[in-house]
Amino acid sequence: MAKNLVIVESPAKAKTIEKFLGKDYKVASSFGHIADLPTKEIGVETEGDFTPKYIVSKDKKDVVRKLKGMAKDAEMVWLASDEDREGEAIAWHLAEELKLKDEKTRRIVFHEITKSAILKAIENPRGINYNLVNAQQARRVLDRLVGYELSPVLWRKVKGGLSAGRVQSVAVRLIVEREREILDFSPEASFRIDAEFSTEDGRSFKAKLPKNFDSREEAEQFLKDNLGADFKVAELTTKPAKKSPAPPFTTSTLQQEAARKLYFSVSKTMTMAQRLYEAGHITYMRTDSVNLSDDAKKGANAEILKAYGKEYAKTRNYKGKSKGAQEAHEAIRPTNFENHTVNADRDQQRLYELIWKRSIASQMSEAQLERTNVKIEANKHDKYFTANGEVIKFDGFLKVYLEGHDDEDDEEQSGMLPALRENQPLVNDFITATERFTRPPYRYTEASLVKKLEELGIGRPSTYAPTISTIQNRNYIEKGSVEGTERKYIQFVLSKEKIQEKNLKETVGSDKGKLVPTAVGMVVNDFLVNHFSNILDYNFTAKVEENFDSIAAGDEEWKRMMKDFYEDFHPQVEDVAKNADREVGERILGEDPETGKPVSVRLGKFGPMVQIGSVEDEEKPKFASLGPDQTLDSVTFEEAMDLFKLPKEVGEYKGEKVEVNNGRYGPYVRFGKKYVSLAKGEDPMNVDWARALELIKEKEKADAPIYEFDEKPVQKGVGRFGPYLKWNGMFINVNKKYDFDNLSDDDIETLIKDKIRKEKEKVIHNWEDEGIRVEKARWGRSNVIKGKTKIELPKTVDAAKLSLEEVKDIIEKQGGKKKTTRKKTTKKKTTKKTAKKK
């Protein structure tokens with residue numbers, strides 16, 4: 001047995017570290033946290049000193065047992081979890097649950113997984129930092145108190161199954177308030193003047209009038225004023241300028257830039273970064289710091305000199321803006337600047353290259369520019385056109401990287417101008433006066449929401465991605481899918497001494513990929529803001545983060561913070577639970593012309609709906625669900641009444657009734673048991689028999705077999721997860737290396753054979769007589785399957801060693817569930833413990 005046991009959180013991290021250590025070291029994984037608060041109770045002594053009750057979950061008991069055995073046989077145990085607060089808490093739980101003795105336990109930290117960093121950490125061990133542990137406990141306990149006490153109030157006052165969270169609810173509030181700003185916005189029109197001029201040698205460039213005209217009449221008159229006018233360069237100024245590189249990545253800026261440049265979601269960015277870190281390619285990816293170590297700056301400088309030359313190198317130090325930067329004191333950077341890329345899957349590779357470019361650019365020279373500003377005058381009026389140009393004299397860091405931005409108003413970049421001189425005559429090619437409208441505030445993207453949370457001091461690097469995932473999983477927020485609506489606008493064009501008027505169209509209001517609140521999200525937000533405005537206050541949430549930072553620094557006692565918070569919070573929860581009215585987001589739209597009963601929209605058991613009448617009426621109210629693009633705040637009386645015209649029968653096809661209706665996932669045509677979705681934005685009220693038949697024929701064509709394999713038909717389609725083939729009840733994903741529209745016979749057979757092979761490889765045990773099999777599942781787990789019953793086994797169970805009797809026992813104990821992730825546990829005595837400074 002190895003003399004030294006090193007414990008880390010993940011198997012991938014263990015695998016990388018084990019390569020750097022000799023035979024005297026065994027590296028094992030705890031698979032994340034081994035202890036947490038119980039799920040069936042609040043797990044905090046609210047009537048005492050707020051001591052948390054930590055338990056080892058059932059699926060971690062095997063892990064703990066194995067680690068205990070290895071720790072007992074080792075001479076020294078090295079706790080090597082991550083260097084932030086979560087990592088410190090994991091190290092503490094390991095020390096407690098494994099009952100490690102101080103004299104044979106060492107805590108080591110490193111912000112990169114390289115041989116030199118690991119060996120240096122072992123040479124410089126330390127004890128567990130209980131201030132960091134307590135900061136993590138404070139966050140965990142406070143979030144448990146808020147969630148556990150607020151959620152039952154939402155069940156009673158809004159809708160069953162809802163939940164609330166301290167940071168998540170504030171994030172939802174930001175998105176809801178932005179949505180209301182957009183709904184309340186009224187666009188104002190003005191006319192923007194653009195022009196194109198040419199020099200004597202025919203080189204053209206764009207110019208514009210600095211100020212828009214408020215009315216159509218003013219814009220039209222200005223074009224008339226330019227009829228027959230002569231133009232010349234009135235003023236020309238040229239001055240040097242510099243552009244400096246952005247600092248290396250923090251967690252927040254990496255998430256924002258990966259969204260802009262790679263179109264990654266925040267959670268995908270963090271998953272890819274985690275894998276790069278665990279493979280030893282980058283430094284720790286949860287950090288507020290923009291610092292680079294001296295060794296990193298030397299490494300970057302050496303690579304810049306080698307790849308680009310001396311004039312491109314400039315060592316720089318950056319100062320972070322974050323108030324409470326956490327304990328990982330270096331920015332995200334490559335561990336070896338010589339590696340411009342890495343051997344990994346394509347998405348990891350793309351993220352690594354982004355990190356490499358940003359890090360290298362941060363240690364490079366400024367770009368040297370020359371900016372030219374031109375004023376152009378006419379002899380018939382006193383207004384000036386302006387043009388701006390930019391020439392790069394020395395590219396500097398731009399040779400490698402330019403930071404992206406989120407400013408959707410930035411319609412054009414400065415380009416190059418031809419050589420000009422003052423008083424130089426110019427030829428006007430055309431002048432346009434285009435109707436433009438003021439824009440509402442932009443909906444948040446995942447990246448811009450992270451930026452806003454960071455600006456407000458809400459959350460920390462480890463919380464951004466889970467917060468955004470949670471509010472979407474809870475169906476409070478969703479990604480928009482509206483393509484936008486058509487808007488008409490006017491453009492006047494002066495060309496060749498003639499003025500023409502054009503009527504043009506543009507698409508506006510698209511929310512594709514943006515964060516949009518659901519009806520549930522808006523109603524829950526309104527209830528919480530009305531009754532718990534202090535908890536959802538942006539300043540309060542930021543102040544809590546500062547308290548956590550103070551605890552981590554050893555300047556504040558965490559249980560005192562919990563006590564101070566709970567003394568005010570708990571009575572407030574009890575008061576709201578007892579006295580507050582139910583909140584369903586009801587809005588009266590008008591009266592039904594037939595019955596005179598009120599027409600209203602509100603949140604119902606199955607989502608947002610329109611209602612005619614009320615529960616007090618003798619006659620039962622009528623209900624209709626809102627469409628996917630309609631909201632409680634925006635639906636009009638006319639749109640609401642149209643919903644009661646559905647379902648609408650439009651004809652008959654092959655002996656089956658054909659009808660149009662609105663469903664949970666949008667409008668559709670139904671014939672028999674088949675459903676065909678309408679195109680996005682298509683109004684179901686406008687669908688007639690001809691259009692319904694067209695959709696049905698398209699559906700039949702799409703469902704028709706494209707091939708036959710093993711005397712069974714092969715169909716193809718596009719589903720939620722992309723293109724697929726369907727054969728013998730089996731769905732087969734078609735990846736991007738295939739041309740889905742032009743699949744050959746060989747392609748189809750290859751895809752089916754590969755799927756059959758993979759299905760066979762998945763099978764660990766197959767007891768056909770018993771109708772029981774055990775298969776591999778995702779994330780290193782396995783499933784026990786009998787008929788329609790599927791039981792997911794924990795990672796820690798070695799499925800290959802299970803006997804038929806053991807599997808039958810598992811099915812018997814959990815047989816009532818179709819799918820479960822853990823066995824039902826009986827209530828056991830919990831272990832109480834808390835961190836004390838030693």
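Is Ala135 buried or exposed? Ala135 is buried, at a relative accessible area of 1%. The views below come from a predicted model.

Figure 1. Ala135 belongs to helix H5, which covers residues 130–157. A relative accessible area of 1% puts Ala135 in the buried class, because that class takes in values under 20%. Neighbours within four places in sequence are left aside here; beyond them, Ala135 is in contact with Arg85, Phe548, Ile551 and Ala552. Lys357 gives a sense of scale: 222 residues separate Ala135 and Lys357 along the chain, and 34 Å separate their C-alpha atoms.

Figure 2. The chain has 838 residues, and 47% of them count as buried. Its secondary structure comprises 20 helices and 32 strands. Along the principal axes, the C-alpha atoms fill a box of roughly 95 × 80 × 70 Å. Take the contacts with a separation of 6 or more: 68% of them join residues 24 or more positions apart.

**Figure 3. The largest cavity and its lining.** The count is one cavity of 30 Å³ or more. The volume of the largest cavity is about 50 Å³. Which residues line the largest cavity? They are Gln168, Ser169, Val172, Tyr476, Val524, Asn525 and Leu528. Helix H6 (166–183) supplies at least two residues of this lining, and so does helix H14 (519–531). By class, the lining holds four nonpolar residues, three polar and no charged.

Figure 4. The model contains 19 aromatic pairs. In the pair of Tyr653 and Phe671, the ring centres are 5.9 Å apart and the planes stand at 85°, so the geometry is edge-to-face. Tyr653 lies in strand S20 (residues 648–653) and Phe671 in strand S22 (residues 666–671), so the pair ties together parts 18 residues apart in sequence. Both Tyr653 and Phe671 are buried.

**Figure 5. An aromatic cluster of phenylalanines.** One aromatic cluster is formed by Phe197, Phe205, Phe213, Phe222, Phe231 and Phe385.

**Figure 6. Charged side chains over aromatic rings.** Arg178 lies over the face of Tyr444, 4.4 Å from the ring centre.

**Figure 7. A cis peptide bond at Pro647.** The bond from Leu646 to Pro647 is cis, and its omega is near 0°. Where is Pro647? Pro647 sits in the loop between helix H17 (637–642) and S20.

**Figure 8. Positive phi at Phe50.** Phe50 has phi near 65°, a positive value in a residue other than glycine. Phe50 lies in the loop between strand S2 (25–29) and strand S3 (53–54). Is Phe50 buried or exposed? With 4% relative accessibility, Phe50 counts as buried.

**Figure 9. Positive phi at Glu711.** Glu711 is a residue other than glycine with a positive phi, near 60°. Its loop runs between strand S24 (707–709) and strand S25 (712–719). Glu711 is exposed, with a relative accessible area of 75%. Phe50, by contrast, is buried at 4%.

Definitions and conventions:
Residues numbered from 1 in each chain as written. Heavy atoms only, no water. 1 Å grid on protein atoms, 1.4 Å probe; cavity = no way out; pocket = protein on both sides within 12 Å on 5 of 7 lines; lining within 4 Å. Points joined across faces, edges and corners; volume = space filled by probe spheres on them. Helix = DSSP H or I, 4+ residues; strand = E, 2+ residues; numbered from the N terminus. Nonpolar A, V, L, I, M, F, W, Y, C, P; charged D, E, K, R; others polar. Phe/Tyr/Trp six-rings, centres within 6.5 Å; stacked < 30°, edge-to-face > 60°. Buried < 20%, exposed > 50% of the residue type's maximum accessible area, 1.4 Å probe, protein only. Lys NZ or Arg CZ within 6 Å of the ring centre and 35° of its normal. Contact = heavy atoms within 4.5 Å.
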